[in-house]
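Please look over the model shown here.

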Amino acid sequence: MGSVTTLHELSGLTMVPLLAILLLFWVALNASLSWQVLSVGITVSLLIGWLFRRGLSPLTELRATPASYRAGLGFVWHFLRELVRSNLNLARVVLSPDLPVNPGIVKVRTRLQSPMGRLLLANAITLTPGTLTVELQDEWLYVHWVQVESADIDAATARIVAGFERYLEVMYG
Amino acid sequence: MIAALLDLLGALLLLVGSVFMLLGGLGLVRMPDVFNRIQAGTKTTTLGTLLTLSGVGLLQPDWALKLLLIGLFILFTNPLSAQVLARAAHRIGLRKTPLTRVDRLAEDTGEDA
């Protein structure tokens with residue numbers, strides 16, 4: 001995602017993944033391949049794809065290797081489990097008469113280099129038990145934590161980031 | 001027989017999803033400040049909506065594809081909107097609960113913790 005316009009960007013190839021996703025979404029939503037549906041879909045996808053030609057899509061930097069796909073499945077599974085745990089944890093907090101919160105914003109670091117990997121990490125953190133990404137600056141993430149266990153960068157990183165980073169590292173690097 | 005079972009399972013998922021949404025609502029009322037409220041709202045609406053959509057999928061299998069797409073959309077947009085709200089809240093310096101133990105972001109940007 002450098003600021004220099006590359007030949008790749010000029011040729012419009014960067015918008016292909018986003019375009020494909022948008023068009024697939026549109027066709028699936030309409031459950032039809034009639035020429036009216038397709039022409040509207042293609043026009044709008046091209047427009048959006050062009051507007052966000054420098055933007056990201058989940059496929060932009062995904063590595064196309066078997067290990068990467070396996071990690072993708074692992075990521076989804078880990079994520080769903082964490083989402084359920086996160087809700088049970090929240091239920092326990094909200095239903096306790098004394099509301100056991102100990103909130104704070106901690107700083108954690110990610111080893112991920114790719115913007116898409118970092119974005120997915122931030123999203124995953126937001127949906128895991130008691131954590132919410134507040135700010136993302138380069139390799140640093142500022143995370144709001146309902147029950148702060150440690151304000152130390154390394155300890156908090158191990159607790160919040162490591163679980164997902166394991167998978168995302170393989171998928172995006 | 002199988003249809004009845006699917007109906008039952010679907011209804012159960014709808015119920016569990018609604019319970020999580022209710023708990024999220026309770027969280028919005030009980031949590032002490034905006035950041036904790038966003039936490040309560042985001043997690044419960046995500047899982048609650050996904051469970052509700054799955055329940056509807058079992059009751060109306062024809063809608064499965066559309067429900068799946070709605071689910072994906074929720075999964076990507078829900079956390080993002082929560083993060084943007086939280087960031088905006090922090091930037092304009094909304095009140096944090098006195099219970100707050102630490103605020104590294106305020107320390108690093110030079111605001112009062």
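What follows is a short tour from the whole chain down to single residues.

This is a predicted model.

**Chain A overall**

Chain A holds seven helices and three strands. Read from the N terminus, the elements of chain A run α-α-α-α-β-α-β-β-α-α. Chain A has 173 residues, and 46% of them count as buried. Among contacts in chain A with a separation of 6 or more, 71% join residues 24 or more positions apart.

**Helix packing**

| Helix pair | Angle | Axis distance |
|---|---|---|
| H1(B), residues 2-30, and H2(B), residues 34-59 | about 165° | 7 Å |
| H4(A), residues 66-95, and H2(B) | roughly 125° | within 9 Å |

Take the pair inside chain B. An angle of about 165° is over 145 degrees, so H1(B) and H2(B) count as roughly antiparallel. The crossing of H1(B) and H2(B) is left-handed. Sorted by class, the contact of H1(B) with H2(B) has 17 nonpolar, 12 polar and two charged residues.

Now the pair between chains. H4(A) and H2(B) cross at roughly 125°, and are therefore oblique to each other. The crossing of H4(A) and H2(B) is left-handed. From H4(A), the residues at this contact are Leu83(A), Val84(A), Ser86(A), Asn87(A) and Leu90(A). In H2(B) they meet Ala40(B), Lys43(B), Thr44(B), Thr46(B), Leu47(B) and Leu50(B). By class, the contact of H4(A) with H2(B) has six nonpolar, four polar and one charged residues.

**Two threonines of chain B**

Is Thr44(B) buried or exposed? Thr44(B) sits in helix H2 of chain B. Its relative accessibility is 2%, so Thr44(B) counts as buried. Which residues does Thr44(B) contact, leaving aside neighbours within four places in sequence? From chain A, the partners of Thr44(B) are Asn87(A) and Leu90(A). From chain B, the partners of Thr44(B) are Phe20(B), Met21(B), Leu23(B), Gly24(B) and Thr49(B).

Thr77(B) belongs to helix H3 of chain B, residues 64-91. Thr77(B) has a relative accessible area of 32%, so it is partly exposed. Thr77(B) and Thr46(B) are 31 residues apart along the chain, and their C-alpha atoms are separated by 9.7 Å.

**Positive phi in chain A loops**

Two loop residues of chain A close the report. Ala31(A) has a phi near 50°, a positive value in a residue other than glycine. Where is Ala31(A) placed? Ala31(A) is in the loop between helix H2 (16-30) and helix H3 (35-51) of chain A. With a relative accessible area of 62%, Ala31(A) is exposed.

Asp138(A) is not a glycine, yet its phi is positive at about 50°. Asp138(A) lies in the loop between strand S2 (131-137) and strand S3 (140-145) of chain A. At a relative accessible area of 64%, Asp138(A) is exposed.

Technical notes:
Residues are numbered from 1 along each chain as its sequence is written. Chains are lettered from A and ligands numbered from 1 in the order in which they are written. This is a predicted model: local features need pLDDT of at least 70, side-chain atom pairs count only at pLDDT 80 or more; totals for chains, interfaces and linings use all residues. Side-chain values use heavy atoms; hydrogens and water are left out. Axes are lines fitted to C-alpha atoms, for helices over the stretch in contact, and angles run from 0 to 180 degrees between N-to-C directions. Helices (H or I, at least four residues) and strands (E, at least two) are DSSP runs, numbered from the N terminus. Angles under 35 degrees count as roughly parallel, over 145 as roughly antiparallel, 65 to 115 as roughly perpendicular and the rest as oblique. A crossing is left-handed if the near helix is turned anticlockwise from the far one by less than a right angle, and right-handed if clockwise. Ala, Val, Leu, Ile, Met, Phe, Trp, Tyr, Cys and Pro count as nonpolar, Asp, Glu, Lys and Arg as charged, and the others, Gly among them, as polar. Buried means under 20% relative accessible area, exposed over 50%, partly exposed in between (1.4 Å probe, protein chains only). Contact means heavy atoms within 4.5 Å.
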